Amino acid sequence: MENENLGEMTEINPALSAQTGGFAFSLATMAYLVASLIAGLVISAAKLQQGSDGYIYINYILAQLAVAIGVAVTVKYKKLNLRKTFPVKCRPKYFLIALLLIFGLVFSLGHINEYALKLVKLINPAYVERASYLPDLSGGLVVPAILVIAVLPAVCEEALFRGVILNSCECGMGTIRTVFIVGFCFSLFHGSPEQTVYQFIAGCTFAFVAIRAGSILPTVLMHFINNAIIVIFAACGLLDEGGNLVISFEANVALAVVGAACFIGGIIWLILDKKPVIKCGKGAIKNFFQFASIGIVVFAVLWICSFAGVGA
């Protein structure tokens with residue numbers, strides 16, 4: 001059953017391969033570097049101060065534009081089938097599972113960042129936590145913030161990671177390996193040492209949902225909620241300078257417990273969802289890393305620089 005499934009998918013989508021997934025990641029990386037350069041030039045020319053609204057929006061928009069360009073060029077160059085690369089149809093239950101999992105990720109596993117930050121500072125006392133900039137959120141200004149910080153990443157990053165990379169890699173690398181590879185690339189792409197573990201878990205979870213649902217829509221919803229919560233909570237004054245919820249210890253514990261139950265329940269629900277698991281093809285993993293090497297090296301260097309405090 002597994003091998004027949006793999007052969008069927010490869011026949012229909014010959015361009016969907018581990019090579020394509022690696023190519024897409026490296027291409028998006030190069031576009032990201034160019035976008036960062038352009039953002040720096042625009043910010044310098046406009047004399048925008050770090051942390052100003054213009055500075056924040058330019059960085060957010062150009063970063064997502066780079067991802068979108070990487071996706072568009074890959075689809076065009078590899079002649080990918082849009083319906084197979086970005087599947088959208090799925091059963092309603094997967095949206096419920098997505099809600100359970102994102103609630104668990106945000107309110108339970110989100111605390112991993114606090115402990116990860118302590119560990120990073122223990123290893124490198126000179127480490128400076130990466131600033132998390134948010135624009136002015138007063139009044140109606142929360143709307144453009146949600147569009148840029150929540151909607152754009154939910155669409156662009158999901159199209160890359162749970163669209164092109166996931167569906168390309170699964171055909172050759174198999175289901176299980178693809179989940180972890182996508183989680184790894186997603187985490188590395190965000191380049192934040194203190195958020196590496198959380199981003200890896202989130203990336204793997206999103207990939208698992210997309211594979212079981214056979215659609216990227218549930219993960220687009222999850223990604224949107226994850227980012228929108230930060231914006232809305234900040235707008236309501238519910239976050240402190242460290243990004244933690246300003247609520248009582250008891251309320252935090254209650255949220256963490258309920259969140260953990262939701263996350264575990266959602267994962268079990270997905271595991272019990274009996275769908276064929278594709279096995280890894282010969283040489284697929286090697287092919288992926290060969291073509292993704294540029295992206296991996298670039299973001300690994302950026303991660304190390306961030307950890308070491310270079311450019312902080």
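Reader: Which backbone oxygen lies 2.7 Å from a polar atom of the side chain of Thr85?

Author: That is the backbone oxygen of Asn81. This is a predicted model, in which local features need pLDDT of at least 70 and side-chain atom pairs count only at pLDDT 80 or more, while totals for chains, interfaces and linings use all residues. Residues are numbered from 1 along each chain as its sequence is written, and side-chain values use heavy atoms, with hydrogens and water left out.

Reader: Is Thr85 buried or exposed?

Author: Thr85 counts as buried because its relative accessibility is 0%, where buried means under 20% relative accessible area, with a 1.4 Å probe and protein chains only.

Reader: And what does Thr85 touch, beyond residues up to four places away in sequence?

Author: Thr85 touches Leu16, Leu80, Gly163, Val164 and Asn167, with contact meaning heavy atoms within 4.5 Å.

Reader: New topic: which residues touch the most other members of the largest nonpolar core?

Author: Among the 40 residues of that core, they are Phe25, Val71, Leu160, Phe161, Ile165 and Phe288; a nonpolar core is a set of buried Ala, Val, Leu, Ile, Met, Phe, Trp, Tyr and Cys residues joined through side-chain atoms within 4.5 Å.

Reader: Which helix gives the most to this core?

Author: Helix α7 does, with 11 residues, and helices here are DSSP runs (H or I, at least four residues) numbered from the N terminus.

Reader: What is Leu160 in contact with, leaving aside neighbours within four places in sequence?

Author: Leu160 is in contact with Ala24, Ala28, Val67, Val71 and Ile165. There is also a second, separate core of 22 residues, which includes Tyr94, Leu105, Phe208 and Phe263.

Methods: Buried means under 20% relative accessible area, exposed over 50%, partly exposed in between (1.4 Å probe, protein chains only). A polar contact is a pair of N or O atoms within 3.5 Å; within protein, one must be able to donate a hydrogen and the other to accept it, and residues adjacent in sequence count only if both atoms are side-chain atoms. Helices (H or I, at least four residues) and strands (E, at least two) are DSSP runs, numbered from the N terminus.
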